[in-house]
Amino acid sequence: MSAIGPYRDIVLDHHRAPRRLGRLAPPAQAAEGVNALCGDRLRIEVRVEQDRVTAYAFEGECCAIATATASLLGDLALGRGRDDLALLERGFATLIGGGIAEIAELGALNALSELARYPARRKCALLPFATLSAALRGESRATTELPA
Amino acid sequence: MNAPLHETSPTFDPLRARADFPLLTRSVHGKPLVYFDSANTSQKPAVVIEAVDRFYRQHNANVARAVHALSEEATTAYEGARAALARFIGAGSPGELVLTSGTTMAINLVAYSNLQPRLQPGDTVLVTQMEHHANIVPWQLVCARSGATLKVAPISERGELIVERFVELLTPEVRLAGVTHVSNVLGTVNPVRELAHECRRRGIPLLVDGSQAVPHMPVDVQSIGCDFYAFTGHKMCGPTGTGGLWARRERLESMPPFFGGGEMIREVRFAGTTFADPPHRFEAGTPNIAGFVGLGAAVQYLEGLGMANVLARERELLAYATDALHSVPGLRIVGEASGKAAIISFLVAGAHAHDLATLLDLEGIAVRSGHHCAHPLMQFYGVPATCRASFAFYNTTDEIDRFVAALDKVRRLLA
Ligand SMILES: Cc1ncc(COP(=O)(O)O)c(C=O)c1O
C-alpha cells in the first residue's frame, strides 16, 4: 500500500499482535469501553499501587485503531499515576485533533497523529483512553460516542 | 416497472453519462476518486448544478407571494419541477405530490397528519426488519403518544422479506404498514405491488419508502397501488433538502396540516384559519425553491438517459462486482436476494468495517461503513457494522476492478 494514513507499521503490528491481552489476577480495577454505534467494545483492567499503575491488561472486539491504541496504551500507563495519565489523554486528544504535531511523552502513540485527517475515527483511538481513565476513577463504563 | 430490461439500449453510453458528472474527475488522497456511495447520496450532473446556479443568477425570488415578474418565474420553475417529478413517478397529477425536504420529512408528515389522529391504544403499525430508521422512528414516536405499538415483519437470512409472515401480520388492529421499496443495506427489492394488494384488501394504508428505488429503476406509483410513496431528491442526482410524498388527492384532502405558517393557508383570522388545498397545505413556509429547480433538472436528465437504461446498466455493474468480490478470500456478502438493486454490503473476516473503509479511502475509494441507519437489521445479522459499496450508472467496471484489487490489499494488510 502506498498511502497508509493512521495505519503505520507499529499500529498494524499492535493490531495483529496486541500486547498485554487478557485479564489480571485480583486485585484489579476494571472498566468496559463501548462504542455501540461502531460496535467497538473492550475491557481494561489495571492494578494500582501507591497511586501508580503497576499492571495493565485488556481484551475486547475492536477495530484496528482501537485495538492498537489499547495495546500501546499499556506501555504508557505502566508506572504512571491518574493525574499524569489524564494530562496525557488530553494531549493525545489534541494530537489526533490536529492541534499539535507530536508529543514526546506519548511515544509510539504519536503514530496515530494521522487521525487528524480522519475525524470520524478519533473516537476509536480515544476509547481505550476513556476506558482506562474510567477504571482509574473507579467507574465501570466509558464511551466516546455521543449518545445516539 | 420490472419490465424485461436486460440490456441497455444502443443509444445509452455509460461513459458519456459519466462525463456529465464534474466531481467524478477529482482525486482523493492523490488517487482518482472511485465513488461507491451513491446509496448514501448520488453525485450531481452539471445540468443540475447549472440549473441551481442559473436560478440564483437570473430568477431568484420567493414563490407565490408577489406579482412581479421574478416571483412569477420562480413560481413557474418551482411548480414546473413538481409537475416533472409527478410525471416521473407516475402520479395522477402534480396536485398529488407534496414537496418535502426528503423522505424523512415525507414519512413524518404521514405519521403526524395521517396516522396519529387515527391511532388508539392497542393499535399497531407494521414495518419490516430491513427498514431505514426514517421508516421506523417516526412511527415509534407517534405510537408512544397514543399507546400503540410497532410490529416487525421478519426477513430471511438471504435478506428477503418473508411475504407470508408480512401478510399474516396484517391483522385488524394494524393502522398502517411501512415498507421500503429497496433496502439501502441489502439491495433487496421488495414485492411492493403484492404487498399493496394485500394491504388494500384489508383496508390498511401502505407507505412505501422509495428512497432507493426512484433513483435506480422506473417507478410508477399508481401501478404499485400503495397509499403513500416517499422519496428523496439527493439520491436521484438532485440537490439535498428535496424530496416528495405522493398520495391520491382524496387521501391528501382528508389530512390536516402538519406544519403551520405562510404558503399553506387560505385565510387567517384569529378566530380560526382555513387552509389551502393539498399539496400546498403541507408546504408551510418558503420552500427549497432552488433545490427543486435542480431536482426538476435531475428528472429531465434521468428521463433523457432512460430509467430502463439506468436499471440495466446498474444490473451489469452489480453482476460484475458480485462476481469479482467472490474472489476475495474471507469476504461475505450480506444480502443475497434475487433481483437485487446495485448495493453490496459485505464483511471481511478479521477486518473491521471502519478499518476497511478508512484504508479504501486512502486508495481513493469511497464506500460507506457502519450501521447504515438500520440498527434492527444489523441486530438481525448479529454484526455492528458492514461495509457497503453502492453503484450508480456513472460507475465503471474499471472502478470495480480497482476496488476489488484494493480490497484484497487492504484485507491482507489487516490480517
Ligand atoms: C431506505 C431509505 N429510507 C430513508 C432514507 C432517508 O432519506 P433522507 O435522509 O434523504 O430523508 C434513506 C437515505 O438515507 C434511505 O436509504
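**A tour of salt bridges and a ligand site**

Select Glu283(B) and Arg82(B): their side chains meet in a salt bridge, 2.7 Å from N to O. This is a predicted model. The pair ties together distant parts of chain B, 201 residues apart. Glu283(B) sits in the loop between β12 (272-275) and α10 (289-305). Arg82(B) belongs to helix α3 (residues 69-88). Glu283(B) has a relative accessible area of 7%, so it counts as buried. Arg82(B) is buried too, at 1%.

Next, pick Asp37(B) and Arg388(B). They form a salt bridge, with the closest N and O atoms 3.4 Å apart. Here 351 residues separate the partners. Asp37(B) lies in the loop between β3 (34-35) and α2 (46-59), and Arg388(B) in strand β17 (residues 386-390). Asp37(B) is buried at 10%, and Arg388(B) is buried at 1%.

Now move to chain A. Select Glu59(A) and Arg23(A), a salt bridge with its closest N and O atoms 2.7 Å apart. Glu59(A) is in strand β3 (residues 52-61), while Arg23(A) is in the loop between α1 (9-16) and β1 (29-35). Glu59(A) is partly exposed at 26%. Arg23(A) is exposed at 52%.

Last stop: the ligand. Select Thr232(B): a polar side-chain atom lies 2.6 Å from a ligand oxygen. For Lys235(B), a side-chain N or O atom is 2.8 Å from a ligand oxygen. The ligand alone exposes 390 Å², and the protein buries 86% of that.

Notes: Residues numbered from 1 in each chain as written. Chains lettered and ligands numbered in written order. Predicted model: local features only at pLDDT ≥ 70, side-chain atom pairs only at ≥ 80, totals over all residues. Heavy atoms only, no water. Polar contact = N/O pair within 3.5 Å; in protein donor to acceptor, adjacent residues only side chain to side chain. Areas by Shrake-Rupley, 256 points an atom, 1.4 Å probe, with all protein chains shown as cover. Salt bridge = Lys/Arg side-chain N within 4 Å of Asp/Glu carboxyl O. Helix = DSSP H or I, 4+ residues; strand = E, 2+ residues; numbered from the N terminus. Buried < 20%, exposed > 50% of the residue type's maximum accessible area, 1.4 Å probe, protein only.
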